[in-house]
Number of protein chains: 2
Amino acid sequence: MTSRDGAGQRLYFEDLQVGQRFTGDRTCTVDAEQIKAFATEFDPQPFHLDAAAGRSTVFGGLVASGWHTAALTMRLILEGGPPLAGGSLGLGAELDWLKPVRPGDTLSVRGEVLAAVASRSRPDRGRVTMRTETCNQHGDVVQVCVSKLLVPRRPAPSGA
Amino acid sequence: MTSRDGAGQRLYFEDLQVGQRFTGDRTCTVDAEQIKAFATEFDPQPFHLDAAAGRSTVFGGLVASGWHTAALTMRLILEGGPPLAGGSLGLGAELDWLKPVRPGDTLSVRGEVLAAVASRSRPDRGRVTMRTETCNQHGDVVQVCVSKLLVPRRPAPSGA
C-alpha cells in the first residue's frame, strides 16, 4: 500500500495484512530553534540546548531529543502514512534511536505491518503491530519505532 | 536511593545496582491548553485537540498524546530523578500507555534499575535498563517506560 492510495478512504483492521508496507509522502526539516524549544520544555540537557555545550559530549554538537524525533515521526505518520480508521490509537511503542538528528536534517518515514490480531473479547477491534523507520536525508535510519495500535474492524453494513 | 540523596553528586555506572529504586521529587500538572498545543504540533488527532470531538471516541473526552506523556516523563526524570553522570543518554525505550492522561492530571515518576551491564568494547561506559512508572494523582500508573541508557563509568582518579 502507499499512504495516499484511496485518499479519503480509511483503513480498517480488515485492510491491513502482515508484510504490507507504506512510504510516507511527507518530510519535515528540523532546525536548531525547534530542537532547542522542544528540549527547553521537555528534555533540557546541554546537548539538546546548545551547540557549543554539545561539542564536548558523545554527540559532538547539538542534537534533537529522541522524544522530539518520536513526536515528529508521529506527525509524519499522521500526515502522510496509512490513514487508519479511528486514528492512530497507540497502546505502546518500542523505540530505538540509532543515529542523532541534527539541525537541518530532513526526516521521512516508511513502515511495515508486522502483526495483525483480531481481539477475541472485543469483536469491533484488532491489534496491529507496525514497524516505522524514520530516515534522514542521507537515507540513514535515525529511529525505529515498533508500535502497538488499536484498529477498528469494519462495521457491518447497516441492515446486515 | 532517593533522587536527591547526594544532591550535586552525579551517579556513575558503578553507583547503579539492579533493584535500586527512586521516587522522583517533582510533579507536573497538565492542562487542556498544553494538551492541545502539543497535539497541534505533533499529534493532531480529534481526541487530543477537542473535548467535544473526544467524547465520541474510546477516550470519552480530551486526552494527552502518549508522546506528550512520554516527553513530560522525561522532564520529571531529569528534574527530580536520579542525577546520572553524562545526563540521560537514551539508546531506546519501550513504552506502554495504560491509562489516558486528562486535563488537570498531576503526574509523578518512580523508577527501578532493571539491569546494569558494563560495555566490553568501551571500558568507559555501561548500559543501564531503567523502568519508570508515570503515575497520576489517583495513584494510577498511566505509562510504563523501560529505557536503555548509556551511563559513563567513574573515571579513574587522576594520577592512578
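**Figure 1. Pairing of β5(A) with β6(A) in the predicted model.** Val128(A) has Leu149(A), in β6(A), as its bridge partner. This residue pair belongs to a predicted model, in which β5(A) and strand β6 (residues 141-152) of chain A run antiparallel and are joined by eleven bridges. The two strands form a hairpin, with five residues between β5(A) and β6(A). Within the turn, Gly139(A) adopts a positive phi of about 90 degrees.

**Figure 2. Pairing of β5(A) with β4(A).** Strand β4 (residues 106-118) of chain A is antiparallel to β5(A), and ten bridges link the pair. Thr132(A) of β5(A) is the bridge partner of Gly111(A). Six residues lie between β4(A) and β5(A), which form a hairpin.

**Figure 3. The two faces of strand β5 (residues 125-135) of chain A.** In a regular strand, side chains alternate between the two faces of the sheet. The covered face of β5(A) presents Gly126(A), Val128(A), Met130(A), Thr132(A) and Thr134(A). On the uncovered face are Arg125(A), Arg127(A), Thr129(A), Arg131(A), Glu133(A) and Cys135(A).

**Figure 4. Strand pairing between the chains.** Strand β3 (residues 89-97) of chain A pairs with β3(B) in the antiparallel sense, over five bridges. Across this pairing, Ala93(A) stands opposite Leu95(B) of β3(B).

**Figure 5. The side of chain B that touches chain A.** The contact draws 22 residues from chain B and 22 residues from chain A. On the chain B side, α4 (66-80) and β3 (89-97) each supply at least two of the residues that touch chain A. By residue class, this side of chain B divides into twelve nonpolar, six polar and four charged residues. Of the interface residues of chain B, 100% are also interface residues in chain A, so the copies meet through the same surface.

**Figure 6. Symmetry relating the two chains.** Chain B is superposed on chain A by a rotation of 180 degrees, with 0.0 Å of shift along the rotation axis and an RMSD of 0.0 Å. This is the relation of a two-fold axis. The C-alpha of chain B nearest the axis belongs to Glu94(B), at 2.1 Å from it.

Terms used. Residues are numbered from 1 along each chain as its sequence is written. Chains are lettered from A and ligands numbered from 1 in the order in which they are written. This is a predicted model: local features need pLDDT of at least 70, side-chain atom pairs count only at pLDDT 80 or more; totals for chains, interfaces and linings use all residues. Two residues are in contact if their C-beta atoms, placed from the backbone, lie within 7 Å. Helices (H or I, at least four residues) and strands (E, at least two) are DSSP runs, numbered from the N terminus. Ala, Val, Leu, Ile, Met, Phe, Trp, Tyr, Cys and Pro count as nonpolar, Asp, Glu, Lys and Arg as charged, and the others, Gly among them, as polar. Two strands pair if DSSP finds at least two bridges between them. A residue is buried if 20 or more other C-beta atoms lie within 10 Å of its own, exposed if 12 or fewer, and partly exposed in between; C-beta atoms are placed from the backbone. Copies are superposed by least squares on the C-alpha atoms of residues with pLDDT of at least 70 in both.
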